[in-house]
Each structure stands twice: as C-alpha cells, then as structure tokens.
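Good morning, and thank you for coming. Please look at the sequence and structure as I go through a few of their features.

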Amino acid sequence: MISKRTLLASMGALVCAGTRPARAKLPVIPAAQHEKAMRLAIEEGRRNPFFPFGAVIVRAATGEVTARGVNNTRANPTLHGEIACMNDHVARNGNTGWPDLVLYTTAEPCPMCMSALCWARIGGVVFGTSIDGLKRVGIDQIDIASRAVVAAAPFFEGTLLGGVLQDETDRLFRERRRN
C-alpha cells in the first residue's frame, strides 16, 4: 500500500511536471519539511478567521522562516496572504534572495499573487487547498490556476507544488467564520 506522504510527493511532481521541467536550484525538500512549513502557514491563516489565507516564506536550504503574512484585504484589497508575506520579507530582508526561498500558503495563489511570485522569481511555491476547493466552500475566485500563470511566465524557474496538508487546509476554509 502506498503511503499518503509518497502519494502527495508524487502528485506534487505531477503538478510541477505538468507545466515544464523545474529549473530552480533548490535542494530537495523532504515531505516532513513541507508539512512543517505548511503548518506554520495554517497558524498564520488562523489569525484571520473569516479569510484564513496564511503564508510563510522559508529558506529552502535551512527551513528558516524569513517572513509571515495573513490576508488583510479589509485594509487594502491587494493584501492577500502571499502579498502580505512578500512585503514582510522585503521589510525584514530587503528585496533579495528570492530564488533560494519557498513560499508556503494555505491556498493556491490567485493570479495576482502568483504573478507577483513569478516576478520575484521565487524558488518555489507550495499550497494546500486548490482554487476549485475554495470555490466549493463559497469563496469567490478568479478561475485561473497557478500552473496557468507559471506556464505564461517563461522566465520563471521556480517550482509549484499543490495539495500539501490539503485535508487540514480544506478544513480551515470550510470551518471559517462567515460574515
């Protein structure tokens, strides 16, 4: 019988292979490290009980967290969790080092966020819940998958992995508070 961890890693490889070969210079990241970082993103997401889009940025080589962010669209419509996290990284570390970093986010980045991550040339993006999963729980989405944004950005050399701790992130969005 195949383990859940092996299945997730295989599915992630398919997501990445579906766009184009990965060219990022990131070290191989074990599933346990992906899960640890995703749990930190979930923790960030819980800071916004209505829209629990949380994110963390980590150094791929060491697992060091360089930034955190959570959706704050009440203050600014562009402050999705990923953008808030990118802003936190720049404030703490400057606008440098992106190819060596991985952003973990509770949900698949929207086209705006994925485009910003491509422009930054981040080394990797890992998400839990898919855009389709968000739509199933009633959260409005622009129906353009992250892999489509990556495919339209030939300069982007990072990796994309979806479905990490998806059961936990799906539950986070399903059980969120409603207005």
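A residue counts as buried under 20% relative accessible area, as exposed over 50%, and as partly exposed in between, with a 1.4 Å probe and protein chains only. T105 has 0% relative accessibility and therefore counts as buried. This is a predicted model: local features need pLDDT of at least 70, side-chain atom pairs count only at pLDDT 80 or more, and totals for chains, interfaces and linings use all residues. Residues are numbered from 1 along each chain as its sequence is written, and side-chain values use heavy atoms, with hydrogens and water left out.

Where does T105 lie? T105 belongs to strand β3, residues 101-107; strands are DSSP runs of E, at least two residues, and helices runs of H or I, at least four, numbered from the N terminus. Beyond neighbours within four places in sequence, T105 contacts M38, A41, G54, A55, E82, V126, F127 and G128, contact meaning heavy atoms within 4.5 Å.

Next, the sheet. Five strands form an open, mixed sheet in the order β2-β1-β3-β4-β5; two strands pair if DSSP finds at least two bridges between them. At the edges, β2 (65-70) and β5 (159-161) each pair on one side only. Strand β1 (residues 54-59) runs antiparallel to β2, joined by five bridges, and V58 stands opposite V65 in β2. Helix α3 packs on this sheet and touches β1, β2 and β3.

Finally, E82, I83 and M86 in α3 also meet α4, at M112, C113, A116, L117 and A120.

Methods
Axes are lines fitted to C-alpha atoms, for helices over the stretch in contact, and angles run from 0 to 180 degrees between N-to-C directions.
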